[in-house]
Amino acid sequence: MHTEKHGTLCREEKPKQEMDRYNIIKPSGRGAFALRISELHLLLADYLDEEQANGRQLQYSKIFLSDAQNQYQLLIESELYQKVLSPCACSIIEQPPLDGSKISILVKTSDKPASFLFHSLRLSDAETNGTNSYIQTMLLFDKYIKSITQRGLTLKEHCVRTWIYVADIDVNYQGMVKARNDIFRQYGLTADTHFIASTGIGGFSETRGASVAIDFLTYPDIQEDDKTYLKALDNLNPTHEYGVAFERGTRLTQTDDQTFFISGTASIDKFGHVVYLGDIQRQTARLLENIGALLRDGGATMNDVQYFVIYLRDASDRDVVEQFMQKAFPHTPRILLHAKVCRPEWLVEMECIAKK
């Protein structure tokens with residue numbers, strides 16, 4: 001599957017503090033998947049009606065499934081997908097929601113014209129036949145680069161964020177990393193220039209043989225000077241020191257606001273060591289400290305966070321992390337997903353977007 005769409009446009013004016021809004025929509029019912037889709041359709045329709053009344057329209061969505069092999073076709077044939085989600089930018093990935101909902105959706109609405117492109121790239125059965133994670137990563141980046149090159153855009157300047165989903169990540173992660181490193185060197189992304197904010201995490205697409213799937217977020221109208229790369233070196237080491245190529249975070253400055261794209265962040269210290277081995281609560285606290293340091297590096301705070309996506313290696317850690325987050329950030333939308341992190345020692349990873 002390859003979707004490339006602009007977010008829905010809306011030209012009504014509204015005060016700056018409410019321009020963008022993120023929310024997590026999920027069904028409460030526990031019946032068959034088709035019934036959950038129907039409930040979700042009603043919930044999302046009501047929510048989008050309220051948003052439209054406040055001058056905001058849907059720009060993009062990320063759909064999290066618990067079992068893509070059995071759910072994907074039902075989803076894309078549903079009215080929810082056909083009439084509401086597919087006209088806008090949309091990503092579908094198997095990362096089971098840990099609240100038992102089977103399907104949950106992260107939605108972004110806004111009252112200003114969309115300034116981004118969102119590519120959700122998936123490989124077909126034919127493309128994955130006989131290939132490994134290295135080759136598949138190369139194929140996906142090649143598809144993306146060819147698409148943006150036709151628009152006069154470049155990977156180095158205009159790509160702001162990626163999400164790289166790796167099936168069986170304990171086996172396939174290194175092949176993806178090597179391919180990304182090779183591509184970045186080819187296009188001038190190095191430790192001396194910059195990389196791209198990213199989350200590399202466990203996840204499955206609808207294609208049974210796919211070991212890699214990638215989402216790309218691109219801003220056609222920006223220049224390199226519009227981006228600031230967040231380091232927080234008192235808390236975290238540069239990623240290239242342990243052989244991977246991504247930015248810890250990127251601040252994008254546009255005409256009327258700043259957006260902070262915080263990459264997948266875990267319990268790590270400034271030497272690149274995993275800290276608090278085996279302790280899910282202390283790892284959660286440490287990674288949030290790291291996110292706070294990254295935001296401060298760009299002039300923001302945790303109060304500016306719009307939502308959290310939380311990845312847990314072990315689903316049984318869900319209650320501990322949920323209770324921690326409810327106490328620390330009760331009013332910030334969040335979703336907890338079952339998705340393995342790239343290092344087995346990391347029990348939890350989080351990403352977020354912040355706005356100022």
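Strand β13 (residues 305–312) runs parallel to β14 and is joined to it by five bridges; helices (H or I, at least four residues) and strands (E, at least two) are DSSP runs numbered from the N terminus. Within this pair, Tyr311 has Leu337 of β14 as its bridge partner. The model is predicted, with local features requiring pLDDT of at least 70 and side-chain atom pairs pLDDT 80 or more, whereas totals for chains, interfaces and linings use all residues. Residues are numbered from 1 along each chain as its sequence is written, and side-chain values use heavy atoms, without hydrogens and water.

Both strands belong to an open, mixed sheet of six strands in the order β10-β11-β12-β15-β13-β14, where pairing requires at least two DSSP bridges between two strands. β10 (227–230) and β14 (334–338) form the edges, each pairing on one side only.

Helix α8 (residues 280–297) packs on the sheet and touches β10, β12 (258–265), β13 and β15 (348–355), contact meaning heavy atoms within 4.5 Å. The direction of α8 makes about 30 degrees with that of β15; axes are lines fitted to C-alpha atoms, for helices over the stretch in contact, and angles run from 0 to 180 degrees between N-to-C directions. Helix α9 (residues 318–328) lies across β13, β14 and β15, at about 165 degrees to β14.

Strands β12 and β15 are also among those that each supply at least two residues of the lining of the largest pocket, as are β2 (20–25), β3 (57–65) and β5 (103–110).
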